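Let's walk through a fold together, one feature at a time. Have a look at the sequence and the model first.

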Amino acid sequence: MSVALRPVTAADLDRFDAEFAGPEGPGAYQWFGHTPTVRLRRLLDERGLLGGDENMLSVTVDDVLAGRVEWFRRAWGRADTSSCWEIAIGLFAAHRGQGVGTRAQRFLVDYLFEHTRVERIQVCTDADNIAEQRAAEKAGFELEGRIRRAQWRAGGWHDQLIYSVLRTS
């Protein structure tokens with residue numbers, strides 16, 4: 001199985017819309033209700049969803065679209081001196097539970113450390129999302145702590161766990 005990352009296409013956005021349109025698509029921990037995708041399409045047209053504070057690449061398995069990885073600029077103080085990347089992943093149901101998420105997140109970490117100057121990359125996940133916790137740890141992230149009642153989803157507040165990986169050189 002060959003996992004790879006590549007730039008997003010308009011056809012990919014169409015497939016993301018179809019796959020993630022309802023709660024069964026993204027799964028219990030990623031469904032936040034119906035959201036417009038017009039902004040993503042505008043950002044794709046403007047800059048290919050790359051080179052800004054919100055970015056996305058498509059995940060493929062054996063050259064077949066399997067989902068996406070995203071990264072967002074976050075700051076722990078002044079953004080010009082204390083920013084990091086926070087990453088997220090969304091895989092189609094058929095590609096979950098096979099190690100694809102772990103590999104895609106590791107590839108994204110390597111890519112970001114190679115092509116950006118950040119010292120820290122972080123990921124947050126629901127305290128009950130055991131699969132993503134395991135994937136993050138296998139991808140090299142270390143648990144830092146719990147952020148209590150941080151995310152509103154499915155009619156209630158949910159604790160998040162925060163993980164990070166630091167540049168090694």
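**Reading the fold**

Q: How many helices and strands does the protein have, and how are they picked out?

A: Helices (H or I, at least four residues) and strands (E, at least two) are DSSP runs, numbered from the N terminus. Here you get 4 helices and 7 strands, and from the N terminus on they run β-α-α-β-β-β-α-β-α-β-β. Keep in mind that this is a predicted model: local features need pLDDT of at least 70, side-chain atom pairs count only at pLDDT 80 or more, and totals for chains, interfaces and linings use all residues. Residues are numbered from 1 along each chain as its sequence is written, and side-chain values use heavy atoms, with hydrogens and water left out.

Q: What does the radius of gyration tell me about the protein?

A: Take it over C-alpha atoms and hold it against the globule rule, 2.2 Å times the number of residues to the power 0.38. For 169 residues a compact globule would come out near 15 Å, and the protein has 15 Å, so the two agree. Along the principal axes, the C-alpha atoms fill a box of roughly 35 × 35 × 35 Å.

Q: What share of the residues is buried?

A: Buried means under 20% relative accessible area, exposed over 50%, and partly exposed in between (1.4 Å probe, protein chains only). In this protein, 43% of the 169 residues count as buried.

Q: Which residues have the most contacts inside the largest nonpolar core?

A: A nonpolar core is a set of buried Ala, Val, Leu, Ile, Met, Phe, Trp, Tyr and Cys residues joined through side-chain atoms within 4.5 Å. The largest one has 27 residues, and Val59, Ile87, Ile121 and Phe141 have the most contacts inside it. Strands E2 (54–61), E3 (64–75), E4 (83–91), E5 (120–126) and E7 (156–166) each supply at least two of its residues, as does helix H3 (100–115). H3 gives the largest share, 6 residues. There's also a second, separate core of 11 residues, with Leu40, Leu49, Leu65 and Phe92 among them.

Q: What does Ile87 touch?

A: Contact means heavy atoms within 4.5 Å. Not counting residues up to four places away in sequence, the partners of Ile87 include Trp71, Leu108, Leu112, Ile121 and Phe141.

Q: And Thr102: buried or exposed?

A: Thr102 sits in helix H3. Its relative accessible area is 16%, so Thr102 is buried. Leaving aside neighbours within four places in sequence, Thr102 is in contact with Ala135, Lys138 and Ala139.
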